[in-house]
Amino acid sequence: MTGLFISIMRTAVPLVAGWLLTLAARAGFEIDSAAVTGAVTIALAFVYYLAFRLLELLGERMNGTFLQNLAGVFLGYARPPAYPKFEQLEPVDGARYLPETGNG
C-alpha cells in the first residue's frame with residue numbers, strides 16, 4: 001500500500017505544480033482559451049516532472065543522496081516507489097483454450 005501512496009503523490013505533486021505554474025504564467029499573459037490553458041498546464045507539469053526526475057536519476061548515478069532526495073521531495077516523496085517482486089509467469093498459449101474444430 002505504501003508504493004501506491006508514493007506513486008499517487010509523485011503523480012499529483014507535478015500536476016499541481018503545473019497548474020500553479022500555469023496560474024503564474026497567466027499573471028503575465030492573457031490566455032483566453034480553456035484548451036490552450038489545459039495544454040499549457042499539461043506541458044508545464046510534464047516539464048516539471050521530467051526536470052526533477054532527471055535530477056533524481058543524476059543524484060542516483062552520482063551515489064549522492066542529497067540531490068536525489070531534494071529532487072524527490074519536489075516530486076512529492078523523497079524516494080521512488082518500490083514494488084514487490086513477483087516471479088515471472090509463463091506466457092499463455094491461447095490455442096490451448098480454443099475448442100478444436102474438425103475439418104471433416
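This is a predicted model: local features need pLDDT of at least 70, side-chain atom pairs count only at pLDDT 80 or more; totals for chains, interfaces and linings use all residues.

Keep Ala71 selected and look around it: leaving aside its neighbours within four places in sequence, Ala71 is in contact with Phe52, Leu55 and Glu56.

Next, select residues 34-61, which form helix H2, together with residues 65-74, which form helix H3. Two packed helices are described by the angle between their axes and by the distance between those axes. Here H2 and H3 pack at an angle of about 160°, and their axes are 7 Å apart. Because an angle over 145 degrees counts as roughly antiparallel, H2 and H3 are described as roughly antiparallel to each other. The crossing of H2 and H3 is left-handed. To see where they meet, select Tyr48, Phe52, Leu55, Glu56, Leu58, Gly59 and Glu60 on H2, and then Leu67, Gln68, Ala71, Gly72 and Phe74 on H3. Sorted by class, this contact of H2 with H3 has seven nonpolar, three polar and two charged residues.

Finally, move to helix H1, residues 2-28, and select Arg10, which has its place there. Is Arg10 buried or exposed? With a relative accessible area of 7%, Arg10 is buried, because the cut-off for buried is under 20%. Once neighbours within four places in sequence are left aside, the residues in contact with Arg10 are Tyr49, Arg53, Glu56, Gly72, Leu75, Tyr77, Ala78, Arg79, Pro80 and Pro81.

How values were computed
Residues are numbered from 1 along each chain as its sequence is written. Side-chain values use heavy atoms; hydrogens and water are left out. Helices (H or I, at least four residues) and strands (E, at least two) are DSSP runs, numbered from the N terminus. Buried means under 20% relative accessible area, exposed over 50%, partly exposed in between (1.4 Å probe, protein chains only). Contact means heavy atoms within 4.5 Å. Axes are lines fitted to C-alpha atoms, for helices over the stretch in contact, and angles run from 0 to 180 degrees between N-to-C directions. Angles under 35 degrees count as roughly parallel, over 145 as roughly antiparallel, 65 to 115 as roughly perpendicular and the rest as oblique. A crossing is left-handed if the near helix is turned anticlockwise from the far one by less than a right angle, and right-handed if clockwise. Ala, Val, Leu, Ile, Met, Phe, Trp, Tyr, Cys and Pro count as nonpolar, Asp, Glu, Lys and Arg as charged, and the others, Gly among them, as polar.
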